[in-house]
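Please examine the sequence and the three-dimensional model shown below. The report after it is written for a reader who is new to protein structure.

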Amino acid sequence: MPLLDTRVPAVLLRIDRNPFHHGTLGAVRSLGRAGVEVHVVADATGSPVHRSRYAHRMHPPPSPGAPEREILAALHRVAERIARPAVLVPLDDASAIAVSRARDDLAPSYLLPELPGALAERVADKAELAALCASADVPHPVTLVPDSPARAADDARRLGLPLVAKWSRPWLLPAGSGLRSTQVVRSAQQARELYLRTGEAGSRLLLQAYLPPGPDRDWFFHGYADRSGTVRAGGPGRKQLSWPRGAGLTAVGRWTPNPEVRALAERLVDALGYRGVLDLDFRRCGATGRYHLLDFNPRPGAQFRLFADSAGLDVVRALHLDLTGREMPDGDPVAGRAFVVENYAPFAALRTAPGGRELAWYARDDRGPGWAMWALWCRHVSGRLRERLAATAPVPAPRAIPRAASRAVSSSLTDNEKASS
């Protein structure tokens, strides 16, 4: 008997246009290897995911920033094509929030966790998260929400510099705006200028106390809260290398036992009544040693495949098992296992891994996405280099026009042209 119910397909939904989202490929492989028919509703343009042998079919996604009705229409089209209930797996915050809001409308066609009310939106909203952490007694950096440019500058001085600025709903940031979901602010004037772009960002600006990075300070926790509220699969991991360094996504992570991080995750799930897949980011304060929750993502994290236990269970498989009424196998944690994103940490991908390792892109049984990623990544990097070189290229100084030539040009102008010049 197979681990998963292969009669029930899975639909993976991602609205974000990031072609290098390795979490999508991880979900395709995890379910596909178990014999599940995997449908992907995501942008296939320039993405290695469609090269996977485990992707049964790619479907066009809603446009970025699409209204809920457009997202539902895309999902209903896929449901009509599949013609049987499927497990729905949102892979970015915008997808998770839209699916949670429309659960009743999607329920006849899709299997989904029973998540209370607007909880997915509340945990993803970084302003709401501070209040939720306070109610659950989970440490969270001191966070202020200014209501004017002057207040932003005052709050920056009050918190102390440097500090962290975040947009409360980063999934609303317009493409091409240059606005970043999170950045370090080093002056009160910079905080004031960021506040002035609130209308453009589409959500509130948060100013947060800065917890400096350092060795063994950045941690994450992935898990699946089943219908009873028990946290299954997943575990705590330590971020060994991030991209960009110090504040980016996990480029190298290691499964590392940490009872304190697990206890905080379970406390939060219990206090909120959360159900489904969760991805939490923590940072340990160097002064107090306490772990502070920085982010709560109501969907699988990109590195979720790190936590594949001895029984082959990960959070995406746990979701499928729970929603199809199957028992989850009891596996043992594989402490020391590593996860490496090759394009961000190529040298780490070449080193030996005594505790075992999974690469984000390359797999022996599914080589196509790995080769496609390197071709796309090389084009991406070379394009960025050309942009930087063009931006920094010196502008040639204007050449002086000889006096005789200047008189000749002047005499050739009409009266109107002379007036306008």
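Predicted model: local features only at pLDDT ≥ 70, side-chain atom pairs only at ≥ 80, totals over all residues.

Residues are numbered from 1 along each chain as its sequence is written, and side-chain values use heavy atoms, with hydrogens and water left out.

## Domains

The domain assignment divides the protein chain into domain 1 (10-123 + 213-372) and domain 2 (142-209); such bounds come from an automatic or database domain assignment. Taken over C-alpha atoms, the centres of domain 1 and domain 2 are 28 Å apart. Their contact (heavy atoms within 4.5 Å) takes 7 residues from domain 1 and 4 residues from domain 2.

Helices (H or I, at least four residues) and strands (E, at least two) are DSSP runs, numbered from the N terminus. Two strands are said to pair if DSSP finds at least two bridges between them.

Strand S7 (residues 163-167) runs antiparallel to S8 and is joined to S8 by 4 bridges. Within this pair, Leu163 stands opposite Val185 in S8.

Which order do the strands of the open sheet of 7 strands have? The order is S14-S13-S10-S11-S12-S15-S16, with mixed pairing. Strand S14 (291-297) and strand S16 (357-359) stand at the edges with a single partner strand each, so one side of each is left without a neighbour in the sheet. From one strand to the next, the twist averages 30°.

Strand S10 (residues 218-225) pairs with strand S13 (residues 276-284) in the antiparallel sense over 8 bridges. Phe282 in S13 is the bridge partner of Trp219. Helix H11 packs on this sheet, where H11 touches S10, strand S11 (231-243) and S13, and its direction makes about 15° with that of S10.

## Helix packing

Helix H1 (residues 22-33) meets helix H11 (residues 315-323): their axes come within 9 Å and cross at roughly 50°. That angle makes H1 oblique to H11, where angles under 35 degrees count as roughly parallel, over 145 as roughly antiparallel, 65 to 115 as roughly perpendicular and the rest as oblique. The crossing of H1 and H11 is right-handed; a crossing is right-handed if the near helix is turned clockwise from the far one by less than a right angle, and left-handed if anticlockwise.

The H1 side of the contact consists of Ala27, Ser30, Leu31 and Arg33, and the H11 side of Val316, Arg317 and His320. By class, this contact has 3 nonpolar, 2 polar and 2 charged residues. Here Ala, Val, Leu, Ile, Met, Phe, Trp, Tyr, Cys and Pro count as nonpolar, Asp, Glu, Lys and Arg as charged, and the others, Gly among them, as polar.

Helix H7 (residues 149-159) packs with H8 at an angle of about 145°, and their axes are 8 Å apart. H7 and H8 also make a right-handed crossing. From H7, Pro149, Ala152, Ala153, Ala156 and Arg157 meet Ala188, Ala191, Arg192 and Tyr195 of H8. This contact has 7 nonpolar, no polar and 2 charged residues.

## Backbone sites

| Peptide bond | Form | Omega |
|---|---|---|
| Leu161 to Pro162 | cis | near -5° |
| Trp243 to Pro244 | cis | near -5° |

Pro162 lies in the loop between H7 and S7, whereas Pro244 is in the loop between S11 and strand S12 (249-255). Asp137 has a positive phi of about 60° although it is not a glycine. Asp137 is placed in the loop between helix H6 (126-136) and S6.

Terms used:
Axes fitted to C-alpha atoms, helices over the stretch in contact; angles between N-to-C directions.
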